[in-house]
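Visitor: I would like to learn how to read a few features of a model. Could you take me through them one at a time?
Guide: Gladly; let us look together.

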Amino acid sequence: MEIPAINLKAIVLVHWLLTVWGCMALLPGSFAWGNFTVLAVGVWAIAQRDSVDAVLLFLMGMAVTMLTDIVHFGIFYPLLDLSNETRFRFSAAMAILSLLLKPASCFFVYQMYRERGGDYNVNFGFPSVSRNREAYQSIDQQDEPSGPANPFNQAQDGKPAARTY
């Protein structure tokens, strides 16, 4: 089964619309600043089609805003006793829907990152031991030269050889 191709423009547009609707009544300015900043990075990723960095930053920003959205809901949702107001319920529903769609969006953005040539390897600077020994040559077996040793690059007939630079 092949993964369907989702356009990056569609992802940015849907999250922009849900963020606008989510900011109407419920959440503070930090929610809007965080989400709209990440969406601006998404616009950068749309504008530069070959940039691996733009897509990676958009992916990381989406992952971070998932965490910050949960913190915002945990702090600000129970403080407001406006649950019977229609505008409040609509705003909360759109912000929660945006949060629920973010893991799927991150999955599709990661697929775009891989399509653009990204291969993210985590390296924290610690030395690592690798068991891949295909690149090593054994010192036990030495290739025997087919002719006599010629350490000074001299021609065999006594004439000086061409210099290699």
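Visitor: Which residues make the nonpolar surface patch of about 630 Å²?
Guide: Before that, a word on the source: this is a predicted model, in which local features need pLDDT of at least 70 and side-chain atom pairs count only at pLDDT 80 or more, while totals for chains, interfaces and linings use all residues. Residues are numbered from 1 along each chain as its sequence is written, and side-chain values use heavy atoms, with hydrogens and water left out. Now, patches are made of residues with over 30% relative accessible area and no salt bridge; like charges are joined within 9 Å, and nonpolar side chains (Val, Leu, Ile, Met, Phe, Trp, Tyr) within 5 Å. Areas come from the Shrake-Rupley method with a 1.4 Å probe, and for residues only the protein chains shown count as cover. Here the patch is made by Leu 13, Trp 16, Leu 17, Trp 21, Met 24, Phe 36 and Phe 90.

Visitor: Which helix gives the most to the nonpolar patch?
Guide: Helices (H or I, at least four residues) and strands (E, at least two) are DSSP runs, numbered from the N terminus. Helix 1, residues 8-22, gives the most, with 4 residues. An α-helix has 3.6 residues a turn, so residues three or four places apart point the same way. Leu 13 lies in helix 1.

Visitor: Is Leu 13 buried or exposed?
Guide: Buried means under 20% relative accessible area, exposed over 50%, and partly exposed in between (1.4 Å probe, protein chains only). Leu 13 is exposed, because its relative accessible area is 53%.

Visitor: How many salt bridges does a search of the whole structure find?
Guide: A salt bridge is a side-chain nitrogen of Lys or Arg within 4 Å of a carboxyl oxygen of Asp or Glu. The search finds 1. In it, the side chains of Lys 102 and Asp 69 meet at 2.7 Å, N to O. The pair links distant parts of the chain, with Lys 102 in helix 4 (residues 86-115) and Asp 69 in helix 3 (residues 52-76), 33 residues apart. Both Lys 102 and Asp 69 are buried.

Visitor: Where does the kink in helix 4 lie?
Guide: The bend at a residue is the angle between axes fitted to the seven residues ending there and the seven starting there. In helix 4, a kink of about 35° lies at Lys 102, shortly before the proline Pro 103.
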